[in-house]
Amino acid sequence: MKKCMLIALSVLLAGSALAQDFIQIKGSDTLINLVQRLSEVYMEQNPNTAIAVTGGGSGVGIAALIADRVQIANASRPMKAKEKTAARGNGVMPYEIVIGIDGLSVVVSADNGIESLSMAQVGQIFRGEVSNWKAVGGPDRSISLYGRQANSGTFVFFQEHVLGKKDYSPQMKRMNGNAQIVEGVIADRSGIGYVGIGYVYDDKGNVRDGLKVVPVSMAGGDAVSPLNAENVKSGKYPIARALYQYVNGKPKGAVKAFIQFELSPAGQKVVEGMSFYPVSGDYVEQNQKAGF
Amino acid sequence: MINQYAASVKSKRLWGRLKESFFRCFFQLNGVFAVLILIGIFSLLFIEGFPALSKLGVSRFFFSDVWNPSSFEKEAYGLLAMLVSTLMVTLGALVIAVPVGIAAAAYIADVASPRMREMVKPVIEILAGIPSVVVGFLGIIVVGPALARLFGASNGLNAVNGSLLLAVMALPTIISISEDAIMAVPQEFKSASLALGANRWQTLVRVTLPSALSGIVASVMLGMGRAIGETMTVLMATGCAPAMPGSFLDSVRTMTSTIAIELGETVQGGIHYRSLFVIAFVLFLMTFAVNLISDVILQKYQKVKR
């Protein structure tokens with residue numbers, strides 16, 4: 001027994017001697033699979049850095065950054081002004097980097113007849129003003145809403161940009177994450193939900209069986225699908241958004257090296273592999289101004 | 001020499017008494033410690049939650065059914081919808097678990113052969129040990145679609161689902177304690193009943209179960225306490241829609257789910273954070289009351305037995 005303990009202890013110490021840098025990342029459910037994949041690839045090439053990625057929602061990640069308990073906070077929405085103030089009040093200087101672009105997708109069940117929806121209609125549906133599919137050109141069924149919880153960046157982003165900052169319908173089911181919304185909508189003929197585009201695809205790169213991504217149109221324009229990379233890059237798709245990471249102060253050392261990897265061509269290829277889109281447009285300049 | 005012997009016996013006795021008082025003190029402290037923890041939790045919940053109650057007023061919490069602390073439009077802190085949701089799933093769970101539980105306990109204690117008893121009892125202990133996330137997972141994957149087909153609804157994330165899962169979780173508690181209560185009924189009662197010409201079924205229903213009633217009621221209250229406090233299962237399987245539920249086929253959000261969802265993203269010391277402590281305090285009072293009542297009933301039962 002004593003020998004066993006001695007061996008275990010020495011292995012632990014040896015292991016910790018190898019992993020000299022430790023990065024703790026917390027936050028968005030939209031970003032979690034993406035950043036986990038990025039950190040796995042990074043750790044293969046840099047074995048003396050250990051990175052731990054957990055979820056909880058953008059709100060949880062940002063709250064942890066404000067309390068200075070994590071090195072990097074994943075967020076699928078920008079930090080609010082009062083969050084930045086709270087951070088500075090706690091001695092934390094939030095530093096913003098964009099690591100990818102998401103075409104936030106409106107999804108329905110594959111046997112829902114809907115062809116497309118306008119932004120206004122999506123807003124009406126999720127605010128609860130429209131409660132039957134036949135009002136928007138679908139079958140005569142009650143609409144069943146699937147959304148995220150209040151700690152989610154996707155929830156807040158959708159509320160600001162699609163709902164016009166009004167409240168969601170109180171009948172909307174608050175699911176725990178993107179994956180649960182996808183599973184819920186696939187199983188529900190009358191379901192509609194919103195998820196990050198990375199969750200729409202299966203392992204082989206096809207859209208999930210039983211799921212349909214609805215093309216969305218802006219006032220008077222054509223319906224645009226987020227599945228087409230050009231639509232998101234050019235800004236034609238109305239609900240595309242940046243995926244952020246926040247750091248306390250200008251990144252240094254292991255954190256800086258990891259972020260540089262994320263923004264490198266190799267890292268952006270991983271982003272595309274996870275079915276999100278690489279950083280493009282104004283966000284590239286924003287990152288360059290931040291020193292990346 | 002006799003004086004030396006007497007002195008050593010006296011010192012051994014003194015040392016023995018010292019050890020005894022030390023151990024008594026040690027056990028007393030441990031017992032008091034448990035009470036202190038309970039008082040500590042109560043005061044923590046009250047101290048953290050009271051500023052929200054005093055700032056927002058009791059009516060905003062208890063006379064409103066809209067809970068929306070992070071709204072852009074109008075912040076609302078009403079917990080009525082959550083309270084009703086918790087009571088709905090708990091009641092639903094008891095409606096299923098109490099008949100099944102008492103019947104199973106009667107079967108194990110009275111009807112089953114010793115071999116059957118040895119097989120069924122461990123299975124029930126295993127049922128008690130299933131983690132709540134696993135039960136919640138089964139609720140989403142298996143029970144949900146089955147309920148949707150059964151009721152012709154579009155999905156199965158509703159209060160019925162939550163009630164079924166909570167019944168599964170409360171069942172082992174109810175069965176174990178009811179079974180103990182039924183086994184504790186004196187053999188003389190059963191023998192007397194059979195001697196008077198009643199058959200086994202009549203004895204069970206009219207003599208044994210009524211005698212064990214206080215123990216059974218205590219087991220039901222403990223099962224109810226378990227159902228009220230369950231978090232992960234209901235979080236996953238009931239859909240978490242904050243609206244006041246209209247029927248059992250509506251999606252509901254219990255008090256436990258709300259705390260679990262929102263605590264991580266609140267700023268410590270803020271009004272949202274403190275409001276969650278108000279919910280926790282109400283929950284604590286509910287489970288405390290349920291446990292207290294079951295204790296009183298059990299004590300009364302033991303007194304009668306004596």
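In chain A, an open sheet of mixed pairing is built from three strands in the order E6-E11-E12, where strands (E, at least two residues) and helices (H or I, at least four residues) are DSSP runs numbered from the N terminus. This is a predicted model, in which local features need pLDDT of at least 70, side-chain atom pairs count only at pLDDT 80 or more, and totals for chains, interfaces and linings use all residues. Residues are numbered from 1 along each chain as its sequence is written, while chains are lettered from A and ligands numbered from 1 in the order in which they are written.

**Three-stranded sheet of chain A**
- Strand E6 (117-118) and strand E12 (223-224) of chain A stand at the edges with a single partner strand each, so one side of each has no neighbour in the sheet.
- E6(A) pairs with strand E11 (residues 216-217) of chain A in the parallel sense over two bridges, pairing being assigned if DSSP finds at least two bridges between two strands.
- Ser118(A) has Ser217(A) in E11(A) as its bridge partner.

**Five-stranded sheet of chain A**
- A further open sheet of chain A, also mixed in its pairing, has five strands in the order E8-E7-E9-E5-E10.
- E8 and strand E10 (211-214) of chain A form its edges, each with a single partner strand, and therefore one side of each is left without a neighbour in the sheet.
- Strand E7 (residues 144-147) and strand E9 (residues 191-195) of chain A pair in the parallel sense over three bridges, and Ser144(A) stands opposite Gly191(A) in E9(A).

**Contact between the chains**
- Chain A contributes 25 residues and chain B 21 residues to the contact, two residues being in contact if their C-beta atoms, placed from the backbone, lie within 7 Å.
- Helix H3 (58-66), strand E8 (173-174) and helix H7 (178-187) of chain A each supply at least two residues of the side of chain A that touches chain B, and the largest share of that side, three residues, comes from H3(A).

**Domains and a helix of chain B**
- The domain assignment, which is automatic or from a database, gives domain 1 (2-56) and domain 2 (83-305) of chain B.
- The centres of domain 1 and domain 2 of chain B, taken over C-alpha atoms, are separated by 35 Å, and nine residues of domain 1 are in contact with eight residues of domain 2.
- Helix H9 (residues 213-229) of chain B is largely enclosed by the rest of the structure, because 15 of its 17 residues are buried (20 or more other C-beta atoms within 10 Å of a residue's own, with C-beta atoms placed from the backbone).

Terms used. A residue is buried if 20 or more other C-beta atoms lie within 10 Å of its own, exposed if 12 or fewer, and partly exposed in between; C-beta atoms are placed from the backbone.
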